[in-house]
Structures are given as C-alpha cells and as structure tokens.
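Hi,

Here is the structure I promised to pass on to you. Please open it alongside this message, and I will walk you through what turned up.

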Amino acid sequence: MQITMLFPGQGAQYVGMARSLIEKYPLVDKFYKAASERIGVELKTLSVEGPAEELVKTSNTQPAIYMHSVALSMLLKERGITPHAVAGHSLGEYSALAAAGWLDPLDGLELVHRRGELMYQAGLDQPGTMAAVIGAKPDLVEECCAQASKEAGVVQAANFNCPGQIAISGSLAGVDRAIELLKENRVRLIKKLDVSGAFHSPLMESARQGLLEKLASTSFQQGSAPVYCNVTGARCDDVVQLRELLGRQLTETVRWEPSMEAMLHDGLAPFLELGPGNVLGGLLKRIDKEADCTSLDSAEQLEQWLENA
C-alpha cells in the first residue's frame with residue numbers, strides 16, 4: 001500500500017490530544033511513559049489534561065505534538081503500514097523523520113524538546129513576532145519584507161503554506177512596517193499571530209546554534225522513505241543533507257506549498273495526516289482540490305480508516 005504521511009507543526013495542539021490513543025493502545029501508553037523518563041516532562045498528563053497555558057508553551061507544545069504524531073505512525077507500522085514518502089510542517093519534519101526511520105523515536109523526542117527550549121529562549125533574547133498574510137502574491141510579500149527590513153528591522157516570509165496564505169516573521173518593528181507596506185498595496189487581511197518568537201527568521205540564530213550541537217550528537221540512520229524538506233521544498237534521502245537542513249530550518253522559510261506540489265508531481269497520493277487536528281489536509285486541498293488526504297487524530301478515526309484501507 002502506497003501511503004504518503006504528513007505531520008503537523010506547532011499550533012495544532014489542544015488539551016485532550018492523544019487521550020483516546022493512550023487509553024486504547026498499550027503501545028502508545030508505554031511510549032508516553034518512556035518519553036517522560038527520557039526528557040523529564042509528564043507529556044501524557046500535559047497532553048490529556050493540560051492546563052492549556054502550559055501546553056501552549058513552545059518547550060511543551062513541540063514534544064506533545066511530536067508524541068501524538070509519532071504514536072499514530074507506530075500504530076500503523078504495527079499493522080504493516082509504513083510511508084512511501086513523508087513531509088512535516090516545521091516541527092512536523094521531526095515526526096516525519098521518526099516515522100520513516102531516519103531517527104529513533106525517543107532520540108527524535110530529545111531533539112524536539114531541546115529545539116522547543118532553544119526557540120523559547122531565543123524569543124526572550126530577541127523579541128519578535130509573526131503575522132499571517134492572506135490573499136497576497138509571494139513576490140509582493142517578499143518585496144515588502146525586503147523593504148521593511150531596510151527601513152525598520154529584519155522581517156521575512158516564514159511560511160509559504162498554500163496559495164494565498166503566507167506567514168511573515170521578524171522583529172516587532174520589522175513586522176509592523178511590512179504590514180503597513182502590504183496594506184498600502186491593498187492586502188486587506190493580515191493577522192498578528194500569538195507566538196513566543198520570530199520563528200523561521202534570523203532572530204532564531206541563537207536557537208539554531210544550540211540545535212546544531214544537539215543535531216551533531218544525535219544518531220541518524222538511513223530511512224525507509226524520502227523526506228520532502230521544508231527548506232528546499234524538494235525530496236531528500238541523504239542523511240548528511242537532512243541533518244544540515246534541520247539546522248537551517250529554524251532561520252529559513254518553510255516552503256510547504258512547493259513541497260506539496262513536488263509530492264503531487266511525483267504521484268505520491270494518497271496522503272495521511274497524522275497528529276492533532278487537520279490543518280495540513282486543509283492546506284493540501286487549497287493547493288490541489290482533487291488531492292486525496294485523510295486526517296487521523298483519534299483512535300476512532302484510525303480504526304475507521306483501517307477498516308476501509
């Protein structure tokens with residue numbers, strides 16, 4: 001069975017996530033116990049019970065989403081279903097690597113936990129923000145960000161998510177100036193995002209340096225499926241290059257739309273989105289309304305999909 005797996009990033013979390021998986025499957029409960037021992041965070045309680053103000057912290061959100069996503073991939077693997085190709089949005093790239101065998105799941109968790117800590121600290125050290133820009137052309141967004149960077153402070157496109165949906169990220173002044181310029185160019189729908197830092201911008205450089213150290217000490221192995229990477233929007237199946245791209249990802253643009261277009265071009269449907277929510281399935285439909293994507297979040301959704309597979 002050819003299945004392409006997609007994995008969500010930060011923002012998909014909610015209190016109660018993974019509850020049904022933990023309660024129904026001993027494999028998942030065991031995985032959460034091992035995870036808590038490995039990083040010293042009670043992820044099971046945090047995911048299932050919250051509180052929300054703790055779950056949304058970058059250092060907690062990232063491992064919580066990773067665990068939910070990887071648990072689903074482990075349950076599928078137990079039933080003989082492995083990915084033909086994988087991709088993950090930002091944080092989700094780590095879930096993708098674990099699902100495809102490039103990373104041991106618990107080693108991947110350590111990386112994600114450290115990544116979340118570093119990104120949170122970078123946000124404190126170099127305050128910044130992000131904004132969603134709806135309905136603008138990529139060239140216009142990049143032109144406005146370039147001008148704002150010269151006039152006010154660093155800002156760049158952080159995510160090309162789907163046609164008409166782009167996120168920008170950078171310094172407080174830089175983002176504000178970019179918003180002004182976009183509005184002058186008749187872009188009407190722009191929304192500041194509630195984030196703890198300027199993710200995927202040069203203000204994450206200190207986090208990138210710390211992450212490079214952690215990546216260097218983490219074992220990678222040849223995976224069973226290629227990864228379509230955020231930084232390039234293209235296929236990669238080389239361990240050395242993957243490690244390099246993970247380091248670059250913190251300060252560079254997430255090219256989600258190009259990566260999905262590449263997967264569709266390569267004939268990699270159908271798609272399964274594994275983890276909390278269904279954001280990626282929605283983005284994929286905006287990229288190609290005919291795309292076949294099923295989002296699996298709960299035990300009930302998983303069992304229903306398995307019955308029909």
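Predicted model: local features only at pLDDT ≥ 70, side-chain atom pairs only at ≥ 80, totals over all residues.

Two strands count as paired if DSSP finds at least two bridges between them.

Within the pair, Ala 131 sits opposite Ile 168 of E5. Both strands belong to an open, antiparallel sheet of 4 strands, in the order E4-E5-E3-E6. Strand E4 (155-162) and strand E6 (189-193) are the edges: each has a single partner strand, so one side of each has no neighbour in the sheet. From one strand to the next, the twist averages 25 degrees.

Helix H8 (residues 138-151) lies across E3, E4 and E5, and runs at about 165 degrees to E4. Helix H13 (residues 279-287) also packs on the sheet, where it touches E4 and E5, with its direction at about 80 degrees to that of E4.

While you are at E4, have a look at Asn 161, which is in that strand. Is Asn 161 buried or exposed? Its relative accessible area is 9%, so Asn 161 is buried, the cut-off being under 20%. The Asn 161 side chain makes a polar contact of 2.8 Å with the side chain of His 89. Other residues that Asn 161 touches include Trp 256, Glu 257, Leu 283 and Ile 287.

Next, strand E1 (residues 4-7). Both of its faces are covered, with Thr 4 and Leu 6 buried on one side and Met 5 and Phe 7 buried on the other. E1 runs parallel to strand E2 (residues 85-88), to which 4 bridges join it, and Met 5 has Val 86 as its bridge partner there. E1 also pairs in the parallel sense with strand E9 (residues 271-274), over 3 bridges. In E9, Leu 272 stands opposite Met 5.

Nonpolar side chains tend to be buried together in soluble globular proteins. Here the largest nonpolar core has 72 residues, and Leu 43, Tyr 66 and Leu 76 touch the most other members. Helix H5 (residues 58-78) gives the most to this core, with 9 residues. Among the residues that Tyr 66 touches are Leu 91, Tyr 94, Pro 105, Leu 109 and Val 112. There is also a second, separate core of 20 residues, which includes Ala 131, Val 141, Cys 145 and Ala 157.

Helix H11 (residues 239-249) has several buried residues, including Val 239, Leu 242, Leu 245 and Leu 246. Their cover includes helix H6 (92-99), helix H7 (105-125) and helix H10 (205-216). At the start of H11, a side-chain oxygen of Asp 238 comes within 3.2 Å of the backbone nitrogen of Val 240.

Last, some backbone details:

- Gly 50 and Pro 51 are joined by a cis peptide bond, with omega about 5 degrees.
- The bond from Ala 269 to Pro 270 is cis too, with omega near 0 degrees.
- Ala 18 has a positive phi, near 75 degrees, without being a glycine, and is buried at 3% relative accessible area.
- Ser 90, likewise not a glycine, has a positive phi of about 55 degrees and lies in the loop between E2 and H6.

Happy browsing, and write back with any questions!

Technical notes:
Residues numbered from 1 in each chain as written. Heavy atoms only, no water. Helix = DSSP H or I, 4+ residues; strand = E, 2+ residues; numbered from the N terminus. Axes fitted to C-alpha atoms, helices over the stretch in contact; angles between N-to-C directions. Contact = heavy atoms within 4.5 Å. Buried < 20%, exposed > 50% of the residue type's maximum accessible area, 1.4 Å probe, protein only. Polar contact = N/O pair within 3.5 Å; in protein donor to acceptor, adjacent residues only side chain to side chain. Core = buried A, V, L, I, M, F, W, Y, C linked by side-chain atoms within 4.5 Å. Lists of a residue's contacts leave out its neighbours within four places in sequence.
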